[in-house]
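Let's take a walk through this structure, one stop at a time. Keep the 3D view open and follow along.

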Amino acid sequence: MAKLGALASSSMSPFLSAPRVLLAKSRTAMPLACRLSSLSSANLVLRHLQSDALRISPAAFALRRWSNLAAASTSPTDQEAEASLEQNQEEYVVINFYHLVDIDRPHAVIKAHKDYLRDKDVRGRIYFSEQGVNAQFGGPRKDAVEYAEWVTKTQPLFLGVRYQVKMDRTDGHQYPKMRVQYKPNLISLAGGMSGLPVTDPAARATPLKPSQWRDFLSNGIKGQKPVVLDVRNSYEWDAGHFVGAERPLEEEFNETPTESTPVDVPRYLQEADPDTPVMMYCTGGIRCDVYSAYLKKKGYRNLYTLEGGVQTYMKEEGLDKWNGSLFVFDGRMAIRPNKEEEAPLEAAAPCALCGGTAELPHTNCANIDCNKLFMACSGCKTQLKGCCCDACITAPRLLRPVKIIGQYGNWTQYGRDGSDSDESPVEKMATGRGEGRISRRRKRQAALKDKELAKRAMKVERRRHAKEAMAAALGEKSLENDVKNVGNEDEEKMVKLRELRERLQSSQKSSV
């Protein structure tokens, strides 16, 4: 009987292994539902083949029960296959953190981090300076989290720093490459950061927990209504913002008012009292933290920042007091908590082209020489072929397709789509990127400068008119005083003449 069992086992082995073979062949090319369907079909085929094989001899019929048990033990169930597939799929995450601290030898720190990351599948931007670190990176959960743990638990300069792990719509890498490098300014603040005491917590704003932030938005601060200051780019505000926050006038953060720009403080603070409470926020926290040191230097004393930025707030408080979605600087471009991946992301502002309901994420204009980042509805994106306006549709360098999600590929991947030129993409790019973005920035700066000069000229003109009016008023008053003085002198002279006349008359009478 043992020999018979061994014979049956050897003769049935190709059929017992069939489901695994089918599953292995289809795993790389089929979605999960199809894989599981193939697995079930393979089990049915197995049972049919086993039944036919057992009909070969009456003796083999006695092994039907044994063979069925053997097939069940060697063939994975649907649940086991699903669990195995999910286990094999890597989970990608996005992590960010920053820390403002004095670093005496930033290049030595950079070398240590590069050495650690050499064998890690991590991509992103990690910048160091004498004033700290600013990091946004991502990759497979194991490598990304291991690096964050190594930084915050073993590196003396960054012990205890809190990092944020985001897992929303992170299908694969969200950054094109890894950059660990020195950057004199951790953020693009006009005039730089070196003159600001950003590493001193006392020189910065008071950080608020997300629950405190929500409470202050609802109830005010000590009976005062705060100014809610969005310290981001204007296009970030379009994607989403806190209730009560006005849209920034600056398209890019490096235009945020400082002493190096035409206007030295944001417009929304120009008329505010220095003691007015100001609640500042940004995506991850570093921009408003650094900018609070500048505003404190300018004399604003009642400043508050959102600890951990909007990302931490959404994680702890959800969407309360928030409109729209959150713009992020990676391949996702926009996120929204508690939202299914298939559901569209809501925008706080309308379509920039037709005023309809906008569709996130933002889109860069397909015209390379323009490259404007804008938000539009699906209809306008299709109608204008990914361009921001009618003029860009006929531009000579249209190399990009409409962007839906993730990064654009390399320029050379797009061929001559949208262009009548015979030049290859490489030849076109060799002529330079163009001055679209630079020219727009110059125009904005020139417009701001002209506006500020016009405002100053108006103030000078008003002061001149005021001085002239005051001088005229003083002149009239002086003339009146002169007239009065002349009148008084004449009266005195008349009195003296009367006295002289009376004396003459009296002397004449006495002589007679």
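Start with Asp289, whose side chain makes a polar contact of 3.0 Å with the side chain of Tyr98. A polar contact here is a pair of N or O atoms within 3.5 Å; within protein, one must be able to donate a hydrogen and the other to accept it, and residues adjacent in sequence count only if both atoms are side-chain atoms. Before going on, note that this is a predicted model, where local features need pLDDT of at least 70 and side-chain atom pairs count only at pLDDT 80 or more, while totals for chains, interfaces and linings use all residues. Residues are numbered from 1 along each chain as its sequence is written, and side-chain values use heavy atoms, with hydrogens and water left out.

Back to Asp289, which you'll find in helix α12 (residues 286-297). Helices (H or I, at least four residues) and strands (E, at least two) are DSSP runs, numbered from the N terminus. Is Asp289 buried or exposed? It counts as buried, at 8% relative accessibility; buried means under 20% relative accessible area, exposed over 50%, and partly exposed in between (1.4 Å probe, protein chains only). Leaving aside residues up to four places away in sequence, Asp289 touches Tyr98, Leu100, Arg204 and Thr305, with contact meaning heavy atoms within 4.5 Å.

Along with Tyr98, Arg204, Glu307 and Gly308, Asp289 lies nearest the centre of the second largest pocket, which is lined by 19 residues. On a 1 Å grid over the protein atoms alone, a pocket is an open set of points with protein on both sides within 12 Å along at least five of seven lines, whereas a cavity is a set where a 1.4 Å probe fits but cannot get out; lining residues have an atom within 4 Å of a point. This pocket holds about 480 Å³ of space, a volume being the space filled by probe spheres set on the points, which are joined across faces, edges and corners. Strand β1 gives the most to the lining, with 5 residues.

Next, the aromatic rings, which form 16 pairs. Rings of Phe, Tyr and Trp (its six-membered ring) pair if their centres lie within 6.5 Å; planes under 30 degrees apart count as stacked, over 60 as edge-to-face and the rest as tilted. Tyr116 and Trp150 are stacked, because their ring centres are 4.3 Å apart and their planes at 10 degrees. Tyr116 sits in helix α7 (residues 106-117) and Trp150 in helix α8 (residues 141-154), so this pair ties together parts that are 34 residues apart in sequence. Ring pairs also link both of them with Phe97, Phe137 and Tyr147 into a cluster. For contrast, look at Phe327 and Phe329: with centres 5.1 Å apart and planes at 70 degrees, they are edge-to-face.

Last stop, the backbone. Most residues other than glycine have a negative phi, and most peptide bonds are trans. Yet a cis peptide bond, with omega about 5 degrees, joins Leu360 and Pro361. Lys222 has a positive phi of about 55 degrees, and at 80% relative accessibility Lys222 counts as exposed.
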